[in-house]
Amino acid sequence: MSERYTITTAIHYPNGRPHIGHAYEMIAADAIARFQRQAGREVFFQTGTDEHGLKMVQTARDKGVSVRALADEMSSYFSQMADGLNISCDRFIRTVEPQHYRASQAIWEAMAAAGDLYLDRYEGWYSVRDEAFYEEKELTEGEGGARLSPQGTPVTWTAEETWFFRLSKYQQPLLDHYAANPDFIRPESRRNEVLRFVEGGLVDLSVSRTSFDWGVPVPGSDGHVMYVWVDALTNYLTGAGYPDDHERMARYWPADCHVIGKDIVRFHAVYWPAFLMSAGIELPRQVFGHGFVLNRGEKMSKSVGNVVDPMDLANAFGVDALRYFLLRDINWGQDGSYSPRAIALRANADLSNSFGNLAQRTLAFIAKNLEGALPEAGRTEPADAALLAMVEAANAEFRALFADQALTPAIEAWMRGVFACNQYIDAQAPWGLRKTDPERMHAVLGTLVRAIRLLAITILPVIPEAAGRLLDQIGAEARDHAALADDGWYARLAEQGFRIAAPVPIFPRIEVPDEEDAA
Ligand code: ME8
């Protein structure tokens, strides 16, 4: 496996404030990035904002501000949200950056040099909301006979002189690539959609606009700006140092995973690899199309206006509770619903009552009754090794599943480790042993401290702040996967006289809102 790992989110349109779908995507990609770092890889993780296109122009016009002012203000909310949600991105890219213009013009020139761009007249349907061109056969009829895109957004007839990209030429090379790389598009359902679309035939793609000027200028073609998706997709290359920083490119390209939502799989799994093939640049290894987060079953979007500020949820319940809920309850790759009540219930059940309570009871008892000193070897019994074996198995399962994009089942595997600890506590009843059998009590508590460390390291990518604080409380410094095999840490800490301080609960219970209060 490679020593480095490049992961990206989609870059988000800052034509409004971020919503929970944006938060979800950043959180999931962040958990994967953290997991890969724990595995010892050098990770490059990029997110950012996609600031060109007609949608931005129209929103700015409606608000009576300049497009740049709108982009500056709204983009800052996205970067603030990334900080607020503990997103460990290495780069927050904005497509208005000069370096990004340079990269977009370079890939354009490479596609032109390959003979894949030609000037012609475009007449067809365009959806501003999707920033996408559609073929007649893809449209459906809405109320009053209005034509709608496959995403259900309005389309308008557009006619202008534009540059075209010879997408049709790439139909067979794309199909060959999908066949040779079964993991290129995941999950399976998205892969099938793409295969069907490409097998149905590809028409050349209009890749420049002349009706507005908010975009990257087409080199050598006055009056044309690039179609927003050409520059948007190129953001991934900009961050990897294209075209000038060859050393950086060699290190961070190709990307290992583009994390995106299901509505933009076509752009990433059809247009993007075709552009790259044309420009002679290596293709990303995987495009993962996640599902949609629904507000109690309803689709929400900036344009529709039923949008909840993710930071309100994070402030109400805690960043880690939100992160945990989204990754645990919305099956990665499928759609899922959220409500404030569901977040609170999940956080209380898994984090406060199960994991938090396990840690709190154990550490508080040690702080109080052993003056915080790490328990001694004591008198071991087979149940101790059996518990550690179960927790190690839960960790191994988590890692195998998480590495394969099975984020939700991975968390369930972790939870089985937590349950095993709680059963062990009930069976061993260490609190009662203090007077009757202190030797045995030491062995049980020592086993629990070891198990808690393993569980905290396992879940660290999902709830980094809370799991990190817990590891601080038990003095566990090394937190990568290599540290898991280190069974000498406990003895070293004990020798140094490390003491566990009276712990502050890591996961205080959350008051559960009524369903009616749910935003
Ligand atoms: O599509 N649940 O930007 P965007 C989950 N700029 N994910 C959601 C979602 C929801 N309810 N709503 C949107 C764009 N998303 C382009 C991308 S990439 C080169 C350019 C996801 O702000 C959506 O699927 O409309 C996409 O991956 C991301 O949020 C940004 O959406």
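So, Thr 6 has a bridge partner in strand β2, and that partner is Phe 44. Strands here are DSSP runs of E, at least two residues, and helices are runs of H or I, at least four, numbered from the N terminus. Quick caution: this is a predicted model, where local features need pLDDT of at least 70, side-chain atom pairs count only at pLDDT 80 or more, and totals for chains, interfaces and linings use all residues. Residues are numbered from 1 along each chain as its sequence is written.

Okay, β1 (residues 4-12) and β2 (residues 42-49) pair in parallel over 7 bridges; strands pair if DSSP finds at least two bridges between them. Zoom out, and 6 strands make an open, parallel sheet, in the order β3-β2-β1-β13-β14-β9. β3 (91-94) and β9 (185-186) each have a single partner strand, so one side of each has no neighbour in the sheet.

Now the core. What counts as one? Buried Ala, Val, Leu, Ile, Met, Phe, Trp, Tyr and Cys residues joined through C-beta atoms within 7 Å; buried means 20 or more other C-beta atoms within 10 Å of a residue's own, exposed means 12 or fewer, partly exposed is in between, and the C-beta atoms are placed from the backbone. The largest nonpolar core has 138 residues, and Ile 7, Ala 28, Leu 327 and Leu 455 touch the most other members. Helix α16 (residues 438-459) gives the largest share, 13 residues.

Last one: which residues does Leu 327 touch? Leaving out residues up to four places away in sequence, they include Ala 28, Trp 332 and Val 462; contact means backbone-placed C-beta atoms within 7 Å.

Technical notes
Contact = placed C-beta atoms within 7 Å.
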